[in-house]
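Work through the exercises below with the sequence and coordinates open. Each task is followed by a stepwise solution.

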Amino acid sequence: MEGCIFCAIVAGQAPSHPIAEDDAALAFMDLFPASEGHALVIPKAHAENVFEIEDACVRAVAGLARRVAVAMRSVLAPDGMAVYQANGRAAGQTVFHYHVHLIPRNEGSPLTFHGRGRADDERLAELATAYAAKL
Ligand code: AMP
Ligand code: ZN
């Protein structure tokens, strides 16, 4: 969809640090991580939210998200992992292309779903490669 940053990433027209993909879904590093290692999983076909997306795309995203979560856990060994998906501005959605967040969590760290700063590209590339190697 025109003007959608995640569609541009799927099309290779915007930069990203990809982790994995299949026919219907793509996983890549979040540029403004809520915690180190934060990743996103999206459908390749544009759908704004849970109210619009097709079941098959939800299944594809959920399957890839689960596989990437397992890989993230083996790389970072966090205490937990938040798997989060926002629908609508009121729910905290800021990019209007359906996506699932994978946010590594550690005991005592602030519970937040949005980061403050842009991550270092070198570190994102390193993490994406490490995750991919565990898939
Ligand atoms: P939400 O606020 O739930 O819609 O999540 C959108 C997420 O996309 C946020 O965590 C942002 O940090 C992330 N984000 C926005 N633009 C990009 C981008 N170009 N590449 C990677 N992540 C992005
Ligand atoms: Zn889109």
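Helices (H or I, at least four residues) and strands (E, at least two) are DSSP runs, numbered from the N terminus. The model is predicted: local features need pLDDT of at least 70, side-chain atom pairs count only at pLDDT 80 or more, and totals for chains, interfaces and linings use all residues. Residues are numbered from 1 along each chain as its sequence is written, chains are lettered from A and ligands numbered from 1 in the order in which they are written, and side-chain values use heavy atoms, with hydrogens and water left out.

**Exercise 1.** Find which element gives the most to the shell around ligand 1.

Step 1. Helix 1 (5-10) and strand 2 (25-29) are the elements that give two or more residues to this shell.
Step 2. Helix 1 gives the most, with three residues.

**Exercise 2.** List polar contacts of ligand 1, meaning pairs of N or O atoms within 3.5 Å.

Step 1. A polar side-chain atom of Asp30 is 2.5 Å from a ligand 1 oxygen.
Step 2. In the side chain of His99, an N or O atom lies 2.9 Å from an oxygen of ligand 1.
Step 3. Gly92 uses a backbone N or O atom, 3.1 Å from a ligand oxygen.

**Exercise 3.** Is Gln93 buried or exposed?

Step 1. Buried means under 20% relative accessible area, exposed over 50%, partly exposed in between (1.4 Å probe, protein chains only).
Step 2. Gln93 counts as buried because its relative accessibility is 2%.
Step 3. Gln93 lies in the loop between strand 4 (80-84) and strand 5 (100-105).

Definitions and conventions:
Polar contact = N/O pair within 3.5 Å; in protein donor to acceptor, adjacent residues only side chain to side chain.
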